[in-house]
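Please keep the structure in view while reading.

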Amino acid sequence: MRHSGTVILWACVSALVILVITLPINLQTQLVASIAVVTFMAVIKVLRAEGIWRLIALAFGTAIVLRYVYWRTTSTLPPLNQLENFIPGFLLYLAEMYSVMMLALSLFVVALPLPSRKGSVTPLERLPSVDVFVPSYNEDIGLLANTLAAAKAMDYPADKMTIWLLDDGGTEQKRNATAVVEAQIATARHAELQALCRDLGVNYLTRARNEHAKAGNMNNGMLHSKGELIAIFDADHAPARDFLRETVGYFADDPKLFLVQTPHFFLNPDPLERNLRTFEKMPSENEMFYGIIQRGLDKWNASFFCGSAAVLRRTALNEAGGFSGLSITEDCETALALHSRGWNSVYVDKPLIAGLQPATFASFIGQRSRWAQGMMQILRFRFPLFKRGLSLPQRLCYMSSMLFWLFPFPRTIFLFAPLFYLFFDLEIFTASGGEFLGYTLAYMLVNLMMQNYLYGSFRWPWISELYEYVQSVHLLPAVVSVMLNPTKPTFKVTAKDESIAVARLSEISRPFFVIFAVLFIAFLMSIYRFYAEPYKADVTFVVGAWNLLNLLIAGCALGVVSERSEKAASRRVTVKRRCTFLSEGREYPATLENVSANGARVQVFGLEDHIATGAEGALRFKPYGGEHEEALPVEIRNTETTGNVMVIGCRFTPQDARHHSLVADLIFANSNQWSDFQVSRRYNPGIFRGTLWFLGIAAYQTSRGLIYFVRSLGGRKGEATS
């Protein structure tokens, strides 16, 4: 009886929605209704009403979106007998429908995401055995030393934790390669890493051949280990001391749990953050995924493996034949396989690792191309919508995550659609200026408000559009290539520990300047047509405004591809930790201000004598969980005196494995510092202030990009000021 009542209620609500969407009203009434909905949503947002009021506001916004879809479908498509108008017009329509579909999937996933989990504690005697895998290919030895040392220092019983360096850069295949230089490098790396692992007390493991990339490397690790759980960290992802304590307890709570995933936190900015100088002020791009989307996926038991900062159950992996290697995104593919077998996942929304992300724009695009191609491979080979064993919510969640990577197609269409009218006088969107105001502008504003409702302080207005645009230019051919040949892409390691010695244009920046020039010419054309054809002024104004928005985003992208110089790949992290500074046999009380992977800034009290640059010293402090203080050798790089306090910039000079452990303790041991940093830059500027901020940054970055371009033409490519 209850079931039939639910069906009747669902049918009544559906009928009411259809009635609202298709109700024939005049343009004036549509304008009034749109203004009323926008006002209502704004009031709810200002009052910060949550729960049912949030859902009501989203429902009203959805009604406006669906009315737009109905109007767009029934009233705006060019006649089919005018192919020159209909073909580009229909492509634009498909691009808009894709955006509406992704909005619908986003609403399903994150309308009410799970709150952050509180943690699960397991008694010491019940803690499971854990193998910690650190897959490596060609990373710097110092980078690996810090990660391995941080993993070794995790707060977990030593007899229940085994650390493994899985080295794919020193395989027999590479050491015996016919290219002598490559073979010598691999042989030297093999010996050096073996020595490092001996000193740190961790296991070194390589294999015969580099088969199936990272997935094959980890499967080889499974053959040589036997822990109940497997924790995985990328070579540049160093864990905090409490990583295992915060994650393994969930496995005792649920015997069908295969995965506990945690967020990826990055010490350095991505190219957009670095070149626009927003790293300390604005939430990072990945925070929207890890802060909102993964919690939304977790609600539907669909949070997936992200390749690192995760713990997995060995028995579950064994049941699925190990880590999947059909695609180049083995992490999501593995999670899909295990979810379809009835296993569960958990997402813990607390940053427990700190890593590095690509510093140059070219490396950033290379990484995103791999993600996009891998997701398209999974979509092609595994197609989650029809994957047996998945629940309907899981199917929708996986489809949302994979279909997202089709964004280069609609983004490209939105970019060039205004040009069909401005250059060729094609009418691909049949509507008056008033209709555009009543339907399209209302839809765009409501869409912005809904995005603000969903992602708020995690993603500021227009930043998603900028990220999608700068990726689309190069991801479009990458996605097309994998569609034509899904087995072609191969796994490529993303370069991370990079530095940019001089300011310069990215080596893949040229298309962005060409697009900007075309859009600027179109902007001039819109001004000309506005005055030359006053009888089309309303349409020209609308199309010209659309093109101007594209021009602003394209101009801001010029700043993204204008690489600022930055000597260090890693930013300094504020720590505020007491220590003792040792110099020439004397001891001085000191406070650590901040640290990076390479050095620290220290406030030293009572040091009156000048210290020469290059002089040797040491920092003595008690490591987390340690019983006594230990000394870390440093080299003085610079000094600055203020009163009786001398601020010293120093470089770490580790001489043995224990020194690497002390460096890791300073940077990575305390996970709370990552959460504090994220919270410090999370706030919601709102649509109005956020838009004004974006306009300002777009204007400045356009000019900066053009200056870099002009100087590069003058043969001074490396002399652009940062």
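K174 is buried, with a relative accessible area of 15%; buried means under 20%, exposed over 50% and partly exposed in between, with a 1.4 Å probe and protein chains only. The model is predicted, so local features need pLDDT of at least 70 and side-chain atom pairs pLDDT 80 or more, whereas totals for chains, interfaces and linings use all residues. Residues are numbered from 1 along each chain as its sequence is written, and side-chain values use heavy atoms, without hydrogens or water.

K174 forms a salt bridge with E182, their closest N and O atoms lying 3.5 Å apart; the term denotes a Lys or Arg side-chain nitrogen within 4 Å of an Asp or Glu carboxyl oxygen. E182 is partly exposed, at 37% relative accessibility. In the whole structure, 31 salt bridges are found.

D665 and R577 also form a salt bridge, with 2.6 Å between the closest N and O atoms. D665 belongs to helix α22 (residues 657-668) and R577 to strand β12 (residues 573-583), so this pair ties together parts 88 residues apart in sequence. Helices (H or I, at least four residues) and strands (E, at least two) are DSSP runs numbered from the N terminus. Both D665 and R577 are buried. Salt bridges with shared partners join D425, R529, E533 and K536 into one network.

A further salt bridge connects E319 and R341 at 3.8 Å, N to O. E319 is partly exposed at 37% relative accessibility, and R341 is partly exposed at 44%.
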